[in-house]
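Please read them with the coordinates open.

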Amino acid sequence: SAALINGQAVAGILVCAFRIATKFYFASAAPFDALRLSSQVYFAAATVITLAALGAFGVLLRLPLVVRVRAARASAPGLEMEPHDALSGGAAGPGGGASKG
């Protein structure tokens, strides 16, 4: 989807911008020290962002609207969402979701 592609594009731009910023910030350090420090800062930032995303996902699951929708789907058998097979355009499963008959 467009949101996925846009997210990947933003992530790629942020990685490049982050590398340029750390290159300027650690310019006075020795080359191997600068690379080591830049890598440590990068992975620390990636860890913080990942933990923040996991925390936001946990908060999202506890929102009243999400709780109601999940409860409604659990109690009504006709509201389950079928897995989607992106390659064939149909539901996943035997036969790719095509009706036989």
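Leaving aside its neighbours within four places in sequence, which residues is Phe26 in contact with?

1. **Phe26.** The residues in question are Ala34, Leu37, Ser38 and Val41. Contact means heavy atoms within 4.5 Å. Phe26 sits in the loop between H1 and H2. Its relative accessibility is 13%, so Phe26 counts as buried. The cut-offs are under 20% relative accessible area for buried, over 50% for exposed, and partly exposed in between (1.4 Å probe, protein chains only). From Phe26 to Leu37 the C-alpha to C-alpha distance is 7.7 Å, across 11 residues of sequence.

2. **Basis.** This is a predicted model: local features need pLDDT of at least 70, and side-chain atom pairs count only at pLDDT 80 or more, while totals for chains, interfaces and linings use all residues. Residues are numbered from 1 along each chain as its sequence is written, and side-chain values use heavy atoms, with hydrogens and water left out.

3. **Overall make-up.** The protein has 3 helices and 0 strands. Along the sequence the pattern reads α-α-α. Helices (H or I, at least four residues) and strands (E, at least two) are DSSP runs, numbered from the N terminus. Of the 101 residues, 6% count as buried. Among contacts with a separation of 6 or more, 10% join residues 24 or more positions apart.

4. **Surface.** The accessible surface is about 8,300 Å², and carbon and sulfur atoms hold 72% of that. Areas come from the Shrake-Rupley method with a 1.4 Å probe; for residues, only the protein chains shown count as cover.

5. **Nonpolar patch.** Phe57, Val59, Leu60, Leu61 and Leu63 make a nonpolar surface patch of about 420 Å². Patch residues have over 30% relative accessible area and no salt bridge; nonpolar side chains (Val, Leu, Ile, Met, Phe, Trp, Tyr) are joined within 5 Å, like charges within 9 Å. Phe57 belongs to helix H2 (residues 31–61). At a relative accessible area of 48%, Phe57 is partly exposed.

6. **Salt bridge.** How many salt bridges does a search of the whole structure find? The count is 1. The side chains of Arg36 and Asp33 form a salt bridge at 3.6 Å, N to O. The criterion is a side-chain nitrogen of Lys or Arg within 4 Å of a carboxyl oxygen of Asp or Glu. Arg36 and Asp33 are 3 residues apart in helix H2, so about one helical turn separates them. Arg36 is partly exposed at 42%. Asp33 is also partly exposed, at 35%.

7. **Largest pocket.** The largest pocket holds about 210 Å³ of space. Its lining includes Phe18, Tyr42 and Ile49. Helix H1 (2–25) and H2 each supply at least two lining residues. H2 gives the largest share, 5 residues. A pocket here is an open set of points on a 1 Å grid over the protein atoms alone, where a 1.4 Å probe fits, with protein on both sides within 12 Å along at least five of seven lines; lining residues have an atom within 4 Å of a point. Points are joined across faces, edges and corners, and the volume is the space filled by probe spheres set on them.
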